[in-house]
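Please read them with the structure open.

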Amino acid sequence: MNPARNEIQMKSSRLSFAVLAALAMCVADTPAADPVASAPAPQPFFAFQNCLNLPSAELTTMLKELGYDGLSASGYEVAPLLKELQARGLKLYNTYLTPHFDAATNALTEPVRKLIEDLQGSGAAIWIAPMKVTKSGKAFATSSPDGDEVALARLREIADYAEPRGVKIALYPHTWFWLERVEDGVRLANKLNRPGVGATFNLCHWLKVEGDRDPAPVLKAALPRLFFVSINGADTGDTQKQDWNQLIQTLDRGSYDVAGFVRTLRTLGYTGPIGLQCYNLKGDPEVNLKRSITAWRSISGSLPQAGEK
């Protein structure tokens, strides 16, 4: 037996144990990762300006303090609002127009040109909800593909000017308009086949037009063209006969399973912005916005990320 070798082995064993013990203490002292901090960023969540009748500075400050990512506007004169949003690190996601497309009338009017120029570089889109489509004095029926030729010609005029300036067009389905169904917007976007033209799914209009049926097949078909989705609290039942008081509520109210709807969106892989429909809401706008974003955080935080099940 070699005493020197034994002494070396003993010292080596003691050193190895000390190293392992030190490593174990380091691991024990290392704080666990914060699941909130390490979670993927949530989808952008913005509010509709409709029925938020406040001065731009007051409204944008409120949105920032409550935690919204931005706003959807209406009309052509958005430059002052855009400036206020940008000053607070918020985004203008889109502005809503309801044009009448006619076979003999150019859709690229001076107000539309100016709007596109104002939006250039902001990342904002134009939300277009064609209210009526006509030819030779005759209006095409709601959702009728017979009006597609006219609508496509007018949309091309706008897109030809908007796309080089980085402004997208999202087609917005609206109850009682010519473009009433999600499928109408998808059909037109597919025919145009331009990266700058897409579709929208609006929950309250879906419930009013289609009734309380499973939206998953339509969402799946729309997904390649889907630029925006809007949600709100709503009731279930015979939704086609309900009024807007039942179909548009704050996000924490109503019997409709909005969390389930958002789960469907994420399972399908939708990662785009989600807007909060605010039309016709009664009461204090700040209270309504606070209730809805609190509900959104609860919904968003409890669901899987896009593509997960």
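**Notes on the predicted model**

1. Start with N53, which sits in the loop joining β1 (45–48) and α3 (56–66). The model is predicted. Is N53 buried or exposed? N53 is exposed, because its relative accessible area is 69% and the cut-off for exposed is over 50%.

2. Check the partner across the sequence. N53 and P285 are 232 residues apart along the chain.

3. Next, the protein overall. There are 12 helices and 11 strands. The chain has 309 residues, and 48% of them count as buried. The accessible surface is about 15,100 Å². Carbon and sulfur atoms hold 55% of that surface.

4. Now the second largest pocket. Its space comes to about 250 Å³. The lining is made by 16 residues, and those closest to the centre are N50, Y96, Y172, Q277 and Y279.

5. Which element gives the most to this lining? The answer is β2, with 3 residues. Both β2 (70–74) and α8 (203–210) supply at least two residues each to the lining of the second largest pocket.

6. By class, the second largest pocket is lined by 9 nonpolar and 7 polar residues.

Key
Residues are numbered from 1 along each chain as its sequence is written. This is a predicted model: local features need pLDDT of at least 70, side-chain atom pairs count only at pLDDT 80 or more; totals for chains, interfaces and linings use all residues. Side-chain values use heavy atoms; hydrogens and water are left out. On a 1 Å grid over the protein atoms alone, a cavity is a set of points where a 1.4 Å probe fits but cannot get out, and a pocket is an open set with protein on both sides within 12 Å along at least five of seven lines; lining residues have an atom within 4 Å of a point. Grid points are joined across faces, edges and corners, and a volume is the space filled by probe spheres set on the points. Helices (H or I, at least four residues) and strands (E, at least two) are DSSP runs, numbered from the N terminus. Ala, Val, Leu, Ile, Met, Phe, Trp, Tyr, Cys and Pro count as nonpolar, Asp, Glu, Lys and Arg as charged, and the others, Gly among them, as polar. Buried means under 20% relative accessible area, exposed over 50%, partly exposed in between (1.4 Å probe, protein chains only). Accessible areas come from the Shrake-Rupley method with a 1.4 Å probe; for residues, only the protein chains shown count as cover.
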